[in-house]
Amino acid sequence: MEENSLTVEKAIANLQQTEDLGQRYYAAWWLGRFRVKDLAAITALLEALEDCEDRAPDGGYPLRRNAARALGKLGNTQAVEPLIGCLSNPDYYLREAAAQALEMLQDPRAIPPLQELLTGGVAAAQIVPGKPHLTQPYEAIIEALGTLKATNAISTIEPFLEHFIPKVQYAAARALYQLTENPVYGEMLVKALTTNELQLRRSALIDLGASGYLPSAEAIATTFAENSLKLLSLKGLLEYQLSHEPNLSPRSIEIMQLMDGLL
Amino acid sequence: MSKMNTQSLIDAVNNATSALTLLKSVQALAEQQDPAAISTLIAVLGYNNPGAAVAAVDGLISLGQVVVPQLLEQVDGYNYGARAWAVRVFAGIGDPRALDLLITSALEDFSPSVRRAAAKGLGNILWSQLPPQDIAKAQQKVLDSLFLTLNDGEWIVRYAGVVGLESLGKSNPTLIESITTKLTEIKQQEPEITIKSRIDLALVNFV
């Protein structure tokens with residue numbers, strides 16, 4: 001594969017030089033993609049998280065965004081505090097990348113600052129004039145709070161079930177199912193699998209896989225979307241089931257049979 | 001009557017003006033299960049319309065082996081997209097004449113979705129269609145190829161490799177011992193719990 005032509009040393013060196021911004025940006029992505037967990041890589045990525053050279057036309061920080069995404073994949077909790085720092089950056093996409101990375105790192109220190117971004121509730125969650133996004137990356141924030149088991153955020157998240165953007169509703173349903181295991185929320189996602197828009201069905205598939213809502217398996221297998229995504233969603237359910245019942249159980253066999261049928 | 005119906009359904013496919021009417025027409029034509037529809041269904045594989053292609057694949061698979069010569073003949077001249085769909089058809093039919101194409105696809109295709117379909121298909125070859133003296137050699141080739149898919153970088157291809165091996169073992173129980181040994185060994189190094197679990201299921205299904 002072409003991207004393998006970089007080596008760890010070269011990627012770290014590319015990230016640390018300041019001449020070629022394109023190479024830095026690519027190196028940050030590469031270190032995450034190939035899960036390079038060396039301390040030197042973590043250190044270089046943490047430095048890149050403070051970069052001021054690489055600026056997007058909108059004032060954003062492309063390199064910082066990529067560094068944040070990579071740090072999420074590398075599983076080193078040294079990155080937690082610096083990523084929390086990114087949550088208050090003016091760059092929306094950096095905040096989004098940081099929220100997603102903090103979700104992956106599974107460190108509870110991220111809960112209060114993430115929750116703070118929901119201040120103002122649904123009323124504050126409006127489109128920023130002239131931008132294609134809301135005031136905060138609500139989807140990523142809510143999903144992270146669900147994964148981080150932030151049970152104290154339940155009442156803050158609940159109103160987002162009524163948000164005008166379906167994907168935000170789904171994020172709320174997914175998080176609330178993770179936090180309460182109340183099937184009402186799982187069924188909201190199952191219902192989303194019947195919407196007319198493919199993009200929304202895809203989004204619901206991903207959310208169901210992450211939620212672990214087992215009764216959705218059949219609905220996942222039969223919704224109209226590409227099999228690759230259905231397989232990924234069922235894999236999420238299977239992992240959830242196996243984390244509760246590690247041996248072959250009738251439920252996990254059922255999920256695998258559905259997966260077999262989608263190959 | 002049925003022939004005329006097929007022709008009008010073929011016309012509907014050829015004259016479809018939107019993605020949705022194309023999908024509906026292909027579904028209707030596929031349900032007809034008439035060999036006269038084969039060339040039209042094959043043509044649909046090249047339309048770059050995933051919904052219609054899925055329907056055409058289903059229709060061609062349900063027609064079975066009668067499809068194989070024509071599809072093999074046309075597949076080489078095809079664009080990549082059509083080729084990928086054709087591999088799925090061959091995987092579904094299991095005709096040994098497509099064996100080499102399935103092996104190459106399982107090991108070398110750049111798309112994981114094609115590799116996974118081919119790997120599963122390799123487990124479902126209709127061995128009785130081969131001259132008896134050729135079966136053992138062909139099965140060994142499939143066995144070796146499926147073992148290689150267990151090292152694929154994509155989890156879904158490794159998963160499909162396990163499924164393929166389970167089917168192969170069921171079709172020839174003398175292979176079960178070497179499949180069991182290989183799967184047990186691969187399970188030690190497999191990082192995905194999903195695949196470890198699918199290996200367990202295959203081993204249980206052998207007993």
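Me: Which helices of chain A are included in what covers the buried residues of helix 6?

Reply: This is a predicted model, in which local features need pLDDT of at least 70, side-chain atom pairs count only at pLDDT 80 or more, and totals for chains, interfaces and linings use all residues, while side-chain values use heavy atoms, with hydrogens and water left out. Residues are numbered from 1 along each chain as its sequence is written, and chains are lettered from A, ligands numbered from 1, in the order in which they are written. Helices are DSSP runs (H or I, at least four residues) numbered from the N terminus, and contact means heavy atoms within 4.5 Å. What covers the buried residues of helix 6 of chain A includes helix 4 (62–74), helix 5 (80–86), helix 7 (111–116), helix 9 (138–147) and helix 11 (166–180) of chain A.

Me: How many of the 14 residues of helix 6 of chain A are buried?

Reply: Helix 6 of chain A runs over residues 92–105, and its reach of 20 Å from first to last C-alpha is close to the 20 Å expected at 1.5 Å a residue. Buried means under 20% relative accessible area (1.4 Å probe, protein chains only), with exposed over 50% and partly exposed in between. Tyr92(A), Arg95(A) and Glu103(A) are among the buried residues. Helix 6 of chain A is largely enclosed by the rest of the structure, because the number of its 14 residues that are buried is 10.

Me: At what angle do the axes of helix 1 and helix 2 of chain A cross?

Reply: Axes are lines fitted to C-alpha atoms, for helices over the stretch in contact, and angles run from 0 to 180 degrees between N-to-C directions. Angles under 35 degrees count as roughly parallel, over 145 as roughly antiparallel, 65 to 115 as roughly perpendicular and the rest as oblique, so helix 1 and helix 2 of chain A are oblique to each other. The axes of helix 1 (residues 8–16) and helix 2 (residues 21–33) of chain A come within 8 Å and cross at roughly 135 degrees.

Me: Which residues of helix 12 of chain B are met by helix 16 of chain A?

Reply: The axes of helix 16 (residues 250–262) of chain A and helix 12 (residues 193–206) of chain B are 11 Å apart, with an angle of about 95 degrees, and the two helices are therefore roughly perpendicular to each other. From helix 16 of chain A, Ile253(A), Met256(A), Met259(A) and Asp260(A) meet, in helix 12 of chain B, Thr194(B), Ser197(B), Arg198(B) and Leu201(B).

Me: Which residues does Val190(A) contact, leaving aside its neighbours within four places in sequence?

Reply: Val190(A) belongs to helix 12 (residues 183–192) of chain A and is buried, with a relative accessible area of 16%. Its C-alpha atom is separated by 9.3 Å from that of Tyr213(A), 23 residues apart along the chain. Beyond its sequence neighbours, Val190(A) is in contact with Leu208(A), Tyr213(A), Ser216(A) and Ala219(A).

Me: What separates the C-alpha atoms of Leu114(A) and Ala150(A)?

Reply: Leu114(A) lies in helix 7 of chain A and counts as buried, at 0% relative accessibility. Not counting residues up to four places away in sequence, Leu114(A) touches residues including Leu87(A), Ala99(A) and Leu148(A). Leu114(A) and Ala150(A) are 36 residues apart along the chain, and their C-alpha atoms are separated by 9.9 Å.

Me: Which residue just after helix 2 of chain B takes a positive phi?

Reply: Helix 2 of chain B covers residues 19–32, and its buried residues include Leu22(B), Val26(B) and Leu29(B). Just after helix 2 of chain B, a positive phi of about 50 degrees is taken by Gln33(B).

Notes
The expected span of a helix is 1.5 Å times one less than its number of residues.
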